[in-house]
Amino acid sequence: MAELDIGKHCNIKSCNQTDFLPFICNACKGVFCLEHRSRDLHACPVVNVKNEVQASSGSTSYPCTFEDCKGKELLPVICSHCKKHFCLAHRHQDDHRCVKLETAKPRMAATQKLVQEIVESKKALPPSKGRRGAKNAATAAKVALMKLKLHAAGDQGLPQTERTYFNVFLPKEGNDSSLPMFFCTRWSVGKVVDYAASLASLKNNNNILSAKKLRLCHPQTGEALRMDDTLLSLLAQPESPLYNGGNVILEYLDNDCSALEDTSAYN
């Protein structure tokens, strides 16, 4: 008769005993016996890393390490190159003078120069009408999108084909006026709001019935977009309130309010 393979061996090498009802750690996903099931007793590496980060900060906030900056963030903003913590204002390599900042590649430098030249040339031109005006507007939109792609924050794991870029105007009560961000085209407006609030370290009480709600609003009309609509469906509309590379407003609204009264303060 073949032997039955029942139970699992404890991942602790000095133990290695077979447990017929093994425990799986929900942090490191390791398999352990009854004696080593707690995170402390099997020295869970995931928990230890979290404890080290909290111990180094001394609080639930993450202070910026750039020179004399006193900025703090509720969530860690870590440079992927030098591995240090920074505030949103100093998160880019150029902004915190990253020790591992590489010289821009010739092609990228040439592209940045071309973008700057296009921007300057458009500033010098008088307002145009008709078809020429539409052409200039299309060119300006392309330039705006190129600039957003250079500086926008978002999930770096998203494929380029699924990214939608916006210049997000932040609530008037905050310190920053706007931040460039990108989101997944398949996300709902509600998920976009939650992710943008996280990137900008904004208070988000959308799950509290009586609290003011963070809403994503049209930059011209001030109309609050439906939370269950997806970016893909809004972008596909003939007279879409959104377009890739455009502006959106993130603002706190009362529960009975469906639009901003004045959008001029955000432009």
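A salt bridge is counted here when a side-chain nitrogen of Lys or Arg lies within 4 Å of a carboxyl oxygen of Asp or Glu. By that rule the structure holds 5 salt bridges. The model is predicted, so local features need pLDDT of at least 70 and side-chain atom pairs count only at pLDDT 80 or more, whereas totals for chains, interfaces and linings use all residues. Residues are numbered from 1 along each chain as its sequence is written, and side-chain values use heavy atoms, with hydrogens and water left out.

Select R97 and E67 to begin: they form a salt bridge whose closest N and O atoms are 2.8 Å apart. R97 sits in the loop between β6 (72-73) and α2 (106-124), and E67 in the loop between β5 (62-63) and β6, so the pair ties together parts that are 30 residues apart in sequence. Helices (H or I, at least four residues) and strands (E, at least two) are DSSP runs, numbered from the N terminus. Both R97 and E67 are exposed, where exposed means over 50% relative accessible area, buried under 20%, and partly exposed in between (1.4 Å probe, protein chains only).

Next, select R226, whose side chain meets that of D228 in a salt bridge at 3.0 Å, N to O. R226 also forms a salt bridge with D229, with the closest N and O atoms 3.5 Å apart, and the shared partners join R226, D228 and D229 into one network.

Finally, select strand β8 (residues 178-184), in which 6 of the 7 residues are buried. Strand β7 (residues 163-169) runs antiparallel to β8 and is joined to it by 7 bridges; two strands pair if DSSP finds at least two bridges between them. Within this pairing, N167 stands opposite P180 in β8.
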